[in-house]
Amino acid sequence: MVTEDDEGKRVVNSHGETIGMVSEVKNGTAYVDPDPGITDKIRSKLGWGDADKDNYVLKASRINTVTDDEIRLKSNL
């Protein structure tokens, strides 16, 4: 399960390619910004994340691992 501590982490596919960044976590659900700018990254690291219409819900069932630096997705997507 993801927490607010995961805001600002890279989201990578099973091959390690970055596909976005966690912009916000609400009630255990991560919202991913597929094209974050530097301002978005700073806001997320400070806990000021704000998911908008350009962000996507990341379902927990698609997450393989969560590390200190990234959220890696399962390979069967």
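This is a predicted model: local features need pLDDT of at least 70, side-chain atom pairs count only at pLDDT 80 or more; totals for chains, interfaces and linings use all residues.
Which residue in β6 stands opposite arginine 10? Residues are numbered from 1 along each chain as its sequence is written, and side-chain values use heavy atoms, with hydrogens and water left out.

The residue opposite arginine 10 is glutamate 70 of β6. The two strands concerned are β1, residues 10–12, and β6, residues 70–73, which pair in the parallel sense over three bridges. Valine 12, in turn, stands opposite arginine 72 in β6. Strands here are DSSP runs (E, at least two residues), numbered from the N terminus, and two strands are taken to pair if DSSP finds at least two bridges between them.

β6 also pairs with β5, in this case in the antiparallel sense and over three bridges. Within that pairing, isoleucine 63 has leucine 73 of β6 as its bridge partner. β5 and β6 form a hairpin, with three residues between the strands.

These pairings belong to an open sheet of six strands with mixed pairing, ordered β4-β3-β2-β1-β6-β5. β4 (56–58) and β5 (63–66) are the edge strands, each pairing on one side only. On average, neighbouring strands of the sheet are turned by 35° against each other, direction ignored; the axes are lines fitted to C-alpha atoms, and angles run from 0 to 180 degrees between N-to-C directions.

Technical notes: Helices (H or I, at least four residues) and strands (E, at least two) are DSSP runs, numbered from the N terminus.
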